[in-house]
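Reader: I have some questions about the labels used for this model. Please set each value against its definition.

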Amino acid sequence: MSESILSAGHVRTPLALRFPSVLVFLAVLGLFTLGVTILSEGFGIGAISTSFVKTLGKTLCLCLVALAMDLVWGYCGILSLGHMAFFGLGGYAIGMWLMYERTRLIVVDSLAASELPPTAQEISDGIATQIFGVVGASEFPPVWAFAHSLPIQLAFVVLVPGLLALVFGWLAFRSRVTGVYLSILTQAMTLALSLYLFQNDSGLRGNNGLSGLQNLPGLDAVPQATVSIWFFWGSAFALGAGYILCTWIVSGKFGSVIRAIRDDEARVRFLGYPVEAFKLFVFTLTAIIAGIAGALYYPQAGIINPTEIAPIASIYLAVWVAIGGRGRLYGAVIGAAFVSLLSTWFTGGQAPDINLGFYRIQWVDWWTVLLGLSFVLVTLFAPKGIGGLVDIIIDRTTPNRHGADLGPDQGALREREADK
């Protein structure tokens, strides 16, 4: 009897019960996914257009990469201005297979009318000419060696961003580069990568990028309305799984250590913790999450080019997290969703222009100014961001009983409550 009681006392409370916000987030995400599906053209009543479903799916992917940014910056204190590079690399990895396989089917169909059946070399030459003719080449570069294999390219979605982050992080953290200097290094890495990809001899079609990614090979008969819902479901699932993973990471002792590194790295190192190992793990993991988000994003966008990896994209990502409230996972999601959808509204020509008489404000041109001004105002007057509003609501609805007298044995109850 005593053994059963003792073993029961060591049962760890499930993550969802220790953090009800996870259940709330998953419930809201599930209802949102169900609502969009019912209102879509592919599986519902058609109240939401296919293009807007794609916009919502891309927004979920941006929320996922914002989660990664919040984990590395908001919890570990590493302001990375290069995570959108990992996001883009994930998109390039899956985009290579999509473009290769789609082009292969076109070439095979065009050569089927020949009197003699085409050889494998003829098919390969035809694919290479179709893909790289725009940059004046007719042969596959070495980087396309495995573009024909979907499993390998899916592995590259994880491996390429992860290995780049691992090597970069190991070099930077072992040299104990911190603060603004580390941010500059990550930005330099992103700039160097984008400039390299702009070159035609990079093997990824230079500034033309990869296009036609919205067309799934072999599924030409499936309408885009259906495909858009498939990707929307995948994006929602990835966001839910990413939220659970990030919550699990920050909830235990590991989360306490990375918060301590954020607040006082020297003291954590003095206490004997391998600070560089913790930072390297977080940096690499978040790069992998960003790569997965990019692999889901660009088939919905339909095209990827080096401008997507430019440093300004990573700066935007930091702004989203700051506006949403860094150090709060739900804040990162709120910030990314809010700014992304607002940006679509302003830059898509849906926001009405304002005529001042002497000047006409066109939001397509002024949106970036408004975004920058919002970042400055949030930094100065609302450092907790939009997520801070959730904290205010919780504080008002939940009584603060920390340390209150709850029974006759007041000291023991206070200690027990303080441990929770």
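Reader: What makes the contact of glutamate 265 and lysine 279 a salt bridge?

Author: The N to O distance is 3.2 Å. A salt bridge is a side-chain nitrogen of Lys or Arg within 4 Å of a carboxyl oxygen of Asp or Glu. So the pair of glutamate 265 and lysine 279 meets the rule. The pair links distant parts of the chain: glutamate 265 lies in helix H11, lysine 279 in helix H12, 14 residues apart. Helices here are DSSP runs (H or I, at least four residues), numbered from the N terminus. The model is predicted: local features need pLDDT of at least 70, side-chain atom pairs count only at pLDDT 80 or more, and totals for chains, interfaces and linings use all residues. Residues are numbered from 1 along each chain as its sequence is written, and side-chain values use heavy atoms, with hydrogens and water left out.

Reader: Which residues do salt bridges with shared partners join into one network?

Author: Arg176, Glu265, Arg269, Glu276 and Lys279. Arginine 269 pairs with glutamate 265, with the closest N and O atoms 3.0 Å apart. Both lie in helix H11 (residues 265-270), 4 residues apart, about one turn of the helix.

Reader: What makes glutamate 276 and arginine 176 a salt bridge?

Author: Their closest N and O atoms are 3.7 Å apart, so the pair falls within the cut-off. Glutamate 276 lies in helix H12 (residues 275-301) and arginine 176 in the loop between H7 and helix H8 (179-198), so the pair ties together parts that are 100 residues apart in sequence. Arginine 176 is exposed at 54%, whereas glutamate 276 is partly exposed at 23%. By this rule the count comes to 6 salt bridges.

Reader: How do you know that histidine 83 and serine 80 form a polar contact?

Author: Their side chains are joined at 2.8 Å. A polar contact is a pair of N or O atoms within 3.5 Å; within protein, one must be able to donate a hydrogen and the other to accept it, and residues adjacent in sequence count only if both atoms are side-chain atoms. Histidine 83 lies in helix H5 (residues 83-111). Its relative accessible area is 0%, so histidine 83 is buried.

Reader: What does histidine 83 touch, not counting residues up to four places away in sequence?

Author: Val72, Phe283, Thr286, Ala287, Ala290, Ser314 and Leu317. Contact means heavy atoms within 4.5 Å.

Notes. Helix = DSSP H or I, 4+ residues; strand = E, 2+ residues; numbered from the N terminus. Buried < 20%, exposed > 50% of the residue type's maximum accessible area, 1.4 Å probe, protein only.
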